[in-house]
Amino acid sequence: MLTYAVTGAQWGDEGKGKIVDVLAEKMEAVVRFQGGNNAGHTIIIGGKKHVLHTVPSGIFHQGVLNYIGNGVVLDPEEFLTEVEGLRAGGILIDPRFLKISRRASLIMDYHRVIDKARESSKSAETKIGTTGRGIGPAYEDKASRFGVRAADLLSPERLKERIAHAVAEKNALLKHLYGSTALIDIDATVEKYSRIGEKLAPFIVAEEQAFLASFAGKKILFEGAQGSMLDIDFGTFPFVTSSNTVSSYAFVGSGINPGGLTENIAVMKAYTTRVGGGPFPTQDPGEEGRIMVKKGMEFGATTGRERRCGWLDLVALRSTFLVNRFTAIALTKIDVLSGFDTLKVATAYRVNGKETPHFPTDIAQFAAAVPVYRELPGWHADLSAVRKFSDLPSEARSYIAFIEQELSTPVPIVSVGPGREQILFTRPIG
Ligand code: GDP
Ligand code: IMO
Ligand code: MG
């Protein structure tokens, strides 16, 4: 088995979808292993834009198996809408090549309601700024064992039992804590999800053990969602998502036997963005940050929110590289940095007057961190048509070399634009 992980090294939106799509050409399977439709993975093929939320980014390559693993929280209604949208756009969706684990936890209507009610009840400082997709509440139900799983949709009695079990508590929460008058009706919910189950059935794996066994000897790419800084354990807790986004979770979230990763690829933007709440030391609230928003078209692929922008943060990256032990970096959006005379890169933080190269694991310390910048020369040439590393301006090559050296990891992939073809490799991958 050859296994490749492609995960985000920052706060998400690094360009994972594009990298997965390009590498998927050489793969037999692309596997999502965590997160849900909070993800928005953009792929531009021949000028046409596609945004995937739950469907893996191998879907544009015929004959590649796309698997939604047990670690994903799946919104069945949204999944079907996404499939319809792809079909309407002329993309062939064959349920034999798009499979959902029987053990995937479902995002139900009431998870979205609770996600939004909870966020509304918070102050501006404590709001996480979730995507409102019900991700946290769905993972809570998995952990508390109230959850409904994909296979439950296939059995009406079991579905009713699971929903009734969950809803009693949800209604008490909605009524007494959030003061909601619109409570969940068990029968209507069962009825709605039974209908959805009929449509989802062809996508659900029939026999999971045999299915997982069939991965033996295959070339598999694990597609991460979000990024390591949003990981529930290793990210900037509590301003994180509710899953483990790090590459080691690929095995837990898919049931594919850990034999070690052949290649563990970090997708990394050449600068930093964050969408939603939480501290962001290298955010540039000034003119240069505005330029990044505009040139990088930094608006969320899921919620449309403007992304906060700033400089590359090597302190945060050192922390994510420690947890993931990446073997390669796919550096994206370097074209966006053209035009700056000088580029800033944070190499350390000053926390309460003391300089440190280490990422503070305590959120109060992280919030107090002031970046210590190293300045590197910028470049002005347009990079969007560059296809060979040696054709990059020397300042861009030096910027990449600096990253390689600081993170002790090579950069064999450089992306110079959103299009599928706007990429260069210094060695083949896959
Ligand atoms: P993901 O969530 O990691 O898949 O990333 P998103 O799709 O949310 O956000 C990345 C955005 O940057 C999308 O709009 C992509 O089309 C775009 N993009 C990806 N790579 C590049 C690149 O190298 N240069 C530029 N300018 N845009 C890119
Ligand atoms: P992709 O896969 C960027 C952020 C939200 C919020 C926090 C928690 O496209 O990189 P959640 O809805 O997960 O409970 O929100 O995480 N977030 C993302 N930010 N890219 C994503 O996914 C994200 N998924 C969640 O903005 O701050
Ligand atoms: Mg995204």
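Which residues of β10 point one way, and which the other way? Hold that thought while I set the ground rules.

This is a predicted model, where local features need pLDDT of at least 70, side-chain atom pairs count only at pLDDT 80 or more, and totals for chains, interfaces and linings use all residues. Residues are numbered from 1 along each chain as its sequence is written, chains are lettered from A and ligands numbered from 1 in the order in which they are written, and side-chain values use heavy atoms, with hydrogens and water left out.

Back to β10. Glu 263, Ile 265, Val 267 and Lys 269 point one way, while Asn 264, Ala 266 and Met 268 point the other way. Buried means under 20% relative accessible area, exposed over 50%, partly exposed in between, with a 1.4 Å probe and protein chains only. Strands are DSSP runs of E, at least two residues, and helices are runs of H or I, at least four, numbered from the N terminus.

Now the neighbours of β10. β1 pairs with β10 in the parallel sense over 5 bridges. Pairing requires at least two DSSP bridges between the strands. Thr 7 stands opposite Ala 266. β14, residues 328–332, also pairs with β10 in the parallel sense, over 5 bridges. There, Met 268 stands opposite Leu 331.

Next, Ser 247. It sits in the loop between β9 (219–227) and α8 (249–252). Ser 247 is buried, with a relative accessible area of 1%. What does Ser 247 touch, not counting residues up to four places away in sequence? Ala 5, Thr 7, Leu 261, Asn 264 and Asn 324. Contact here means heavy atoms within 4.5 Å.

On to the metal. The magnesium ion is ligand 3, coordinated by Asp 13 (OD) and Gly 40 (O) at 2.1 to 2.2 Å. The pair links distant parts of the chain, 27 residues apart: Asp 13 lies in the loop between β1 (2–8) and α1 (16–24), Gly 40 in the loop between β2 (29–32) and β3 (41–45). Donors are N, O and S atoms within 2.8 Å of the metal, or 3.2 Å for Na, K and Ca; water is not among the atoms, so sites may look incomplete. Gly 40 is buried, at 11% relative accessible area.

Gly 40 also brings in ligand 1. A polar backbone atom of Gly 40 is 2.8 Å from an oxygen atom of ligand 1. Backbone atoms of Glu 14 and Gly 417 each give a 3.1 Å distance to a ligand 1 oxygen. A polar contact is a pair of N or O atoms within 3.5 Å; within protein, one must be able to donate a hydrogen and the other to accept it, and residues adjacent in sequence count only if both atoms are side-chain atoms.

Ligand 2 next. A polar side-chain atom of Thr 131 lies 2.6 Å from one of its oxygens. The side chain of Thr 241 has an N or O atom 2.6 Å from an oxygen of ligand 2. For Val 275, a polar backbone atom is 3.0 Å from a ligand 2 oxygen.

Last stop, helix α9. Gly 289, Met 292 and Val 293 are buried in this helix, residues 287–295. Seen down the axis, the buried residues fall within an arc of 100°, so they line one face. That arc is taken from the directions from the helix axis to the C-beta atoms. Those buried residues pack against β12 (308–310). The face turned away carries exposed Glu 287 and Lys 294. Just after α9, Met 297 takes a positive phi of about 50°.
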